[in-house]
Amino acid sequence: MVSRVIPVDPFDLVLFGATGDLARRKILPGLFHRFVVGQMPQEARIIGTARSDMDREAFVDLTRTSLLEFSPVALDRGELLESFLDKIDYVRVDAAGTDGWNALAGALRPDTVRAFYLSVSPALFGPIASRLKDHGIATRDSRIVVEKPFGHDLASAKALNADLRQSFDEHQIYRIDHYLGKETVQNLMALRFANSLWEPLWNSTHVDHVQITVAESLGVEGRGEYYDQSGAMRDMVQNHLMQLLCLTAMEPPSKFTSDSVRDEKVKIIEALEPVAQSDIVRGQYRAQGAAGSYRDHAGNPRSRTESFVAIKVNIGNWRWAGTPFYLRTGKKLRARASEIAIVFRDPPHMIFPKMEGRRGNALIIRLQPDEGITLRNTIKEPGPGGFRLAEVSLDMTFADALDQPAEPQDAYERLIMDVIRGDQTLFMRGDEVEAAWAWADPLISGWDEAGLVPAPYDPGGSGPEDALMLLHRDGRRWREVEG
Ligand code: NAP
């Protein structure tokens with residue numbers, strides 16, 4: 001299948017934090033890739049800004065080095081690399097001070113789409129937004145993109161929203177959750193709303209439960225200090241797993257427009273029932289051989305921050321009452337793998353002999369690795385000697401099924417082009433983020449106030465024993481996810 005690329009309008013993209021880790025590893029390579037595939041018009045420009053005192057040449061050199069290091073295509077595309085670098089400029093700006101703002105205003109073209117990408121600490125979101133407005137740099141059509149984390153709790157998220165809305169309207173604000181830029185996550189919407197097959201089964205009459213797993217094999221080495229301030233609940237559940245939950249559970253929107261989709265997501269978050277502490281399992285990985293423990297990596301021998309969390313969530317609405325959603329995510333687990341498993345109820349009356357270990361029908365949507373779907377079916381075990389059942393899978397890996405182009409798109413590329421197109425569907429709306437924090441806050445404060453210590457677990461496994469019990473006690477079990 002040939003991928004069709006529709007060029008976007010000419011734009012000036014101002015990248016705040018252009019010398020930082022995220023800009024160098026993801027944003028600049030993502031932009032370069034869009035240029036390589038022909039989506040970026042010739043007139044597009046990228047203006048890097050940071051406090052570092054460097055001229056255009058020095059920033060172009062830094063961009064070249066970053067692309068050669070982090071872009072999978074830069075080495076083979078030397079000629080295109082140089083034309084891409086022609087689009088790059090640099091203006092030294094102190095985001096929290098007065099330096100550089102007039103120069104930045106002078107570097108932008110009138111009548112061109114303006115996008116301001118804030119790849120900087122959230123403490124700078126408000127100061128940058130207000131300076132963009134005060135210097136007349138932000139036009140009515142400008143877009144502002146903000147990175148995660150969007151708040152640490154409900155109060156800080158509200159404060160960030162209030163700061164941004166002082167200078168920009170909601171339709172101009174793009175809050176990134178890069179999970180929404182992943183192909184398979186978007187495919188979840190296509191799977192649900194472009195097929196008639198699933199919708200009649202997509203409810204508590206037919207679905208026994210849903211499992212959402214985002215497992216990582218690495219620990220928090222190198223960023224333990226930062227992670228220790230957040231933990232799995234803030235770093236993964238409140239945003240990424242919540243988005244997966246919403247897309248799986250939401251009602252079909254009436255239109256594929258940003259507000260129709262986001263309205264339905266908000267309704268799901270608001271329908272989440274309060275979670276009892278007995279429905280939450282938190283864990284912290286132990287040391288293994290020479291590899292340190294979570295507490296070693298966090299540099300905090302008394303840390304109570306969780307590197308693993310599993311939660312049973314009930315959605316109090318007509319569609320899902322009686323069908324729990326089990327969420328789990330953690331570091332140092334057996335494999336790096338993410339999936340959503342829709343596990344269907346057993347037939348109401350089974351006429352065949354009991355099959356030991358039968359797990360029943362399930363639709364598994366794999367986000368990584370090998371994006372695709374698997375449908376688990378029960379069949380007759382082939383051969384004579386009685387009627388025994390066996391389970392087999394209908395397996396589809398999207399890359400094989402679609403003969404995908406050799407250069408897959410990173411989540412960031414898709415999202416940045418959506419910003420230029422002015423499409424907010426894959427970005428979180430302000431009320432959505434606040435609703436997610438309003439749900440997460442009492443859970444976090446509940447275990448903080450109770451002084452609960454996360455259960456230790458061995459690296460390379462499935463997390464703490466209690467996480468298995470969370471399902472066992474309901475007569476269910478987690479799927480073994482494969483890396
Ligand atoms: P970083 O490596 O520390 O880079 C920060 C950037 O901000 C640098 O370019 C720095 O340049 C600039 N900066 C700092 N203070 C400034 C000021 N007062 N005025 C102007 N520029 C200033 O951070 P990062 O890892 O790239 O992360 C950036 C944002 O993305 C953060 O919000 C982070 O939470 C988020 N994020 C990062 C990742 C990741 O993988 N790195 C993933 C998800 C989200 P100067 O020092 O030269 O000013």
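Tutor: Helices (H or I, at least four residues) and strands (E, at least two) are DSSP runs, and their numbers count from the N terminus. The model under discussion is predicted.

Student: In which loop is the place of Pro-149?

Tutor: Pro-149 is joined to Lys-148 by a cis peptide bond, with omega at about 5°. Most peptide bonds are trans. The place of Pro-149 is in the loop between β5 and α6.

Student: Which residue does a cis peptide bond join to Gln-368?

Tutor: The loop to consider is the one between β12 and β13. A cis peptide bond occurs there, with omega at about -10°, and the partner of Gln-368 in that bond is Pro-369.

Student: What is phi of Asp-370, a residue other than glycine?

Tutor: Asp-370 is also placed in the loop between β12 and β13. Its relative accessible area is 53%, and exposed means over 50%, so Asp-370 is exposed. Most residues other than glycine have a negative phi. For Asp-370 the value is positive, near 50°.

Student: Is Asp-111 buried or exposed?

Tutor: Asp-111 lies in the loop between α4 (101-107) and β4 (113-118). Although Asp-111 is not a glycine, its phi is positive, about 55°. Its relative accessibility is 83%, and the cut-off is over 50%, so Asp-111 counts as exposed.

Student: What distance separates the end C-alpha atoms of helix α6?

Tutor: Helix α6 comprises the 14 residues 154-167. At 1.5 Å a residue, the helix should span 20 Å.

Student: What arc around the axis do the buried residues of α6 cover?

Tutor: The buried residues of α6 are Leu-154, Ala-157, Leu-160, Asn-161, Leu-164 and Ser-167. They lie on the same side of α6 because the arc that they cover is only 155°.

Student: Which exposed residues does α6 carry on the face turned away from its buried side?

Tutor: The buried residues of α6 pack against α5 (125-134), β5 (143-146), β6 (173-175) and α14 (430-449). On the face turned away from that buried side, the exposed residues are Ala-155 and Gln-166.

Student: Against which elements do the buried residues of α3 pack?

Tutor: In helix α3 (residues 78-85), the buried residues are Leu-81, Phe-84 and Leu-85. Their arc around the axis is only 95°, which puts them on the same side of α3. The elements that they pack against are α1 (21-36), β2 (45-50), α2 and β3 (88-92).

Student: Which residues does Thr-63 touch, not counting residues up to four places away in sequence?

Tutor: Thr-63 is found in helix α2 (residues 56-70). Its relative accessible area is 0%, so Thr-63 is buried. With residues up to four places away in sequence left out, its contacts are Leu-28, Phe-84, Leu-85 and Ile-88.

Student: How far apart in space are Leu-188 and Thr-248, C-alpha to C-alpha?

Tutor: Leu-188 lies in helix α7 (residues 183-193), and its 1% relative accessibility makes it count as buried. Thr-248 is among the residues that Leu-188 touches, together with Leu-244, Leu-247, Ile-340 and Ile-365. Although 60 residues separate Leu-188 from Thr-248 in sequence, their C-alpha to C-alpha distance is 7.2 Å.

Student: What volume has the largest cavity?

Tutor: Rolling a probe the size of a water molecule over the atoms shows where empty space is left. The structure holds 1 cavity of 30 Å³ or more. The volume of the largest cavity is about 70 Å³.

Student: From which helix does the largest share of the lining of the largest cavity come?

Tutor: The lining of the largest cavity includes Lys-148, Pro-149, Gln-238, Asn-239 and His-240. By class, this lining divides into 5 nonpolar, 3 polar and 2 charged residues. The largest share, 3 residues, comes from helix α9 (residues 231-249).

Student: How many charged residues does the lining of the second largest pocket have?

Tutor: The second largest pocket holds about 1,100 Å³ of space. Of its 50 lining residues, Arg-359, Arg-376, Arg-477, Trp-478 and Arg-479 lie nearest its centre, and the elements that give two or more residues to the lining include β12 (362-368) and β13 (372-380). The lining has 16 nonpolar and 14 polar residues, and the number of charged residues is 20.

Notes:
Residues are numbered from 1 along each chain as its sequence is written. This is a predicted model: local features need pLDDT of at least 70, side-chain atom pairs count only at pLDDT 80 or more; totals for chains, interfaces and linings use all residues. Side-chain values use heavy atoms; hydrogens and water are left out. On a 1 Å grid over the protein atoms alone, a cavity is a set of points where a 1.4 Å probe fits but cannot get out, and a pocket is an open set with protein on both sides within 12 Å along at least five of seven lines; lining residues have an atom within 4 Å of a point. Grid points are joined across faces, edges and corners, and a volume is the space filled by probe spheres set on the points. Ala, Val, Leu, Ile, Met, Phe, Trp, Tyr, Cys and Pro count as nonpolar, Asp, Glu, Lys and Arg as charged, and the others, Gly among them, as polar. Buried means under 20% relative accessible area, exposed over 50%, partly exposed in between (1.4 Å probe, protein chains only). Contact means heavy atoms within 4.5 Å. The arc is that of the directions from the helix axis to the C-beta atoms. The expected span of a helix is 1.5 Å times one less than its number of residues.
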